[in-house]
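I opened the model to look up two things.

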Amino acid sequence: MPLAALLFDLDGTMALSDTLHLHAFQIVAARYDVSFDLAYFNQEISGQTNEVICKRLFSAQPVDDHPRIAEEKEALFRGMIGGLQPVAGLHALLDWADERDLRLAVVSNAPRANITAALDALGVTERFDAVVSGEELPRGKPDPLPYLTALAALGVAAEAAVVFEDAVPGIAAATGAAITTIGVTTNRPHAVLTEAGAAITLADFTDTSLLPFLIGRME
């Protein structure tokens, strides 16, 4: 089935935002006498839902307090977002997709307010046909539901889509929805992403192997 849609994770895939998330989480965690480093963030936090993150970081706090703690962090993150930078080659890839009438979607575990702010900061809000927030669904990534929801919104079969993801939970969600997935190695190495199920990996969207891979899926 010819390629008809590109689906993108947001943080670490389209946007170089993980440093901001790390900093915001560390500030909030310190308020509750919790500390962690970059390695823990990449292994246990990146790509997860806030529900899972709060259970891991703030297990000493009542579960009923977790949504409030998560919003503390998200408010801090949104305050840092003004200088957000895209992953290299993003705009050129979106132009290429538009020229070929491919459908485009964002599929993120982030709250919708974060997604909206990030897309605005990147200047790509109007580029996407669908935006899915895992926090608004019964299950977020690594469950396939967010990607299945995006496919339904686009009216595209899994076999006609390609996903871009930088985190293991996201790759698990995309491959669980039977979608070919490209790993972006902004935070996790090639070996980790391919073991999780990525068909190929890229450092960013300027990689010379990307367009031949996508064109091969259009034939």
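I took a pocket as an open set of points on a 1 Å grid over the protein atoms alone, with protein on both sides within 12 Å along at least five of seven lines; lining residues have an atom within 4 Å of a point. A volume is the space filled by probe spheres set on the points, which are joined across faces, edges and corners. The probe is 1.4 Å.

This is a predicted model: local features need pLDDT of at least 70, side-chain atom pairs count only at pLDDT 80 or more, and totals for chains, interfaces and linings use all residues. I number residues from 1 along each chain as its sequence is written, and side-chain values use heavy atoms, with hydrogens and water left out.

**Entry 1: second largest pocket.** I read a volume of about 180 Å³ for the second largest pocket. Its lining includes N42, Q43, R56, P169, R188 and E195. I checked which helices contribute (helices are DSSP runs of H or I, at least four residues, numbered from the N terminus). α2, α8 (168–176) and α9 (190–196) each supply at least two residues of this lining. α9 has the largest share, with 3 residues. I sorted the lining by class: 5 nonpolar, 4 polar and 3 charged residues. Nonpolar here covers Ala, Val, Leu, Ile, Met, Phe, Trp, Tyr, Cys and Pro; charged covers Asp, Glu, Lys and Arg; the others, Gly among them, are polar.

**Entry 2: largest pocket.** The largest pocket holds about 230 Å³ of space. I found 13 lining residues, with N50, E51, P67, A70 and E135 nearest the centre. α3 (50–57) and α4 each give at least two residues to the lining. α4 gives the most, 5 residues. The lining divides into 5 nonpolar, 3 polar and 5 charged residues.

**Entry 3: α1 with α2.** I used axes fitted to C-alpha atoms over the stretch in contact, with angles from 0 to 180 degrees between N-to-C directions. The axes of α1 (residues 18–31) and α2 (residues 38–45) come within 11 Å and cross at roughly 105°. The two helices are therefore roughly perpendicular (65 to 115 degrees). D18, H21, L22 and F25 of α1 make the contact (heavy atoms within 4.5 Å) with L38, F41 and I45 of α2. I count 5 nonpolar, 1 polar and 1 charged residues there.

**Entry 4: α1 with α4.** I read an angle of about 135° between α1 and α4 (residues 66–79), with axes 9 Å apart. In α1, residues including L20, A24 and V28 meet α4 residues including I69, L76 and F77. By class, this contact has 8 nonpolar, 1 polar and 4 charged residues.

How values were computed:
Angles under 35 degrees count as roughly parallel, over 145 as roughly antiparallel, 65 to 115 as roughly perpendicular and the rest as oblique.
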